[in-house]
Amino acid sequence: MPPSDLGLKPRLGYTESRLVRAAERRKDADALKAMIADPASGVYVIANEMIVLKSGSPNEVLFSFPEAQALAPLDEAVFLGLDGRDPRFGVGIASDAAAALKERSGFLVTDLRTIAVQGLVAAEHLPPIAEAKAVLHWHSRRRFCSNCGAATQSVEAGWRRDCPQCKAQHFPRTDPVVIMLAIDGDECLLGRSPRFVPGMWSCLAGFIEPGEAVEDAVRRETLEEAGVTCGRVRYLASQPWPFPSSLMIGCYAEATSRDIVVDTEELEGARWFSKDELVRMLGRRHEQGLTTPPPVAIAHHIIRSFVEGEIGFG
Ligand SMILES: [Zn+2]
């Protein structure tokens, strides 16, 4: 295997947050009031899938509280944590308010995938934006109690919703997803979803079901989507994926069969790739234009770890 000459490893998107979540402040009404009034506080402004930026070079993503309040009525606010001593919040605004800002000069309103892939803000902002986006999305879908139907209220700085009627407490949810690379010697299994950009191939992935271990989900999804059986399963790394609230659990698995039967409901193709071919895909110099997902995604890191010999079953 030649050296991969892929350069330094890129940072995995949405991970290694600089924020200390300082959860003890969530219940402290006086501390919250003081932080909201603190001129050092910074606010991420989010409307569902869209993030509001101040356009410039570089773009700015943090607003002060008075600036955010001047943009649009704020639906919800979530205390995200502290960057050093500076409080960070996420606030939600309505989609039509964000659409109006998009037409105004001085603002750039776009989705988080675009921001992450194109590097429209400094990388340090991606984890807190992911945190804010996931919690604000949860708020937008939990306005009413799932137990009794009454309107719920945000409490604890946006980290819980309480039902005044039946007293149920509702907490933000995270949906675990396995994303895995089945390996057979120097080859691994990738699939192509019809939703992917042309030419891109990636790891197989799927939601973990209730009552299922991570390892069992890896084996089940690989068998369901590609007809390949797997034995040993190892964990590599994880990544929050706020579309809307997943946690990607990156694994690799020892393939114990070779023949592929594609589930055409999920995938338009699946096949084995050699390390040589993967190097050209990672480096964007494949003769047929085939690519892997971009460095912001965990699939890129799993595939690269395989190519560089860091994972495998000897
Ligand atoms: Zn209730």
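Contact is taken here to mean heavy atoms within 4.5 Å. On that basis, residues 24 or more positions apart account for 64% of the contacts in the protein with a separation of 6 or more. The structure is a predicted model, in which local features need pLDDT of at least 70 and side-chain atom pairs count only at pLDDT 80 or more, whereas totals for chains, interfaces and linings use all residues. Residues are numbered from 1 along each chain as its sequence is written, and side-chain values use heavy atoms, with hydrogens and water left out.

The secondary structure comes to 8 helices and 14 strands, where helices (H or I, at least four residues) and strands (E, at least two) are DSSP runs numbered from the N terminus. The radius of gyration, taken over C-alpha atoms, is 22 Å, which agrees with the value near 20 Å that a compact globule of 314 residues would have, the globule rule being 2.2 Å times the number of residues to the power 0.38. Along the principal axes, the C-alpha atoms fill a box of roughly 60 × 50 × 35 Å. Of the 314 residues, 50% count as buried; buried means under 20% relative accessible area, exposed over 50%, and partly exposed in between, with a 1.4 Å probe and protein chains only.

An open sheet of 5 strands has the order S3-S4-S1-S2-S5, and its pairing is mixed; two strands are said to pair if DSSP finds at least two bridges between them. Strand S3 (76–83) and strand S5 (107–111) stand at the edges with a single partner strand each, so one side of each is left without a neighbour in the sheet. From one strand to the next, the twist averages 30°. Strand S1 (residues 42–47) pairs in the parallel sense with strand S4 (residues 86–92) over 5 bridges, with Gly42 opposite Arg88 in S4 and Gly92 in S4 as the bridge partner of Ile46. Helix H1 (residues 29–37) packs on this sheet, touching S3 and S4, and its direction makes about 90° with that of S4. Helix H3 (residues 95–102) also packs on the sheet, where it touches S1, strand S2 (50–54) and S5, its direction making about 130° with that of S5. For these angles, axes are lines fitted to C-alpha atoms, for helices over the stretch in contact, and angles run from 0 to 180 degrees between N-to-C directions.

Within this sheet, 6 of the 6 residues of S1 are buried, so the strand is largely enclosed by the rest of the structure. In a regular strand the side chains alternate between the two faces of the sheet. In S1, Gly42, Tyr44 and Ile46 point one way, while Val43, Val45 and Ala47 point the other way. S1 and S2 run antiparallel and are joined by 2 bridges, Ala47 standing opposite Met50 in S2. The two strands form a hairpin with 2 residues between them, in which Asn48 takes a positive phi near 55°.

Cys145 lies in the loop between helix H5 (126–141) and strand S6 (153–155), and Cys163 in the loop between strand S7 (160–162) and strand S8 (169–170), so the pair ties together parts that are 18 residues apart in sequence. Both Cys145 and Cys163 are buried.

Strands S6, S7 and S8 form, in that order, an open sheet of 3 strands with antiparallel pairing, in which the edge strands S6 and S8 each pair on one side only. S7 and S8 pair over 2 bridges, and Gln169 in S8 is the bridge partner of Asp162. Pro172, in the loop between S8 and strand S9 (175–184), counts as partly exposed at 26% relative accessibility. Leaving aside its neighbours within four places in sequence, Pro172 is in contact with Val135, Trp138 and Trp159.
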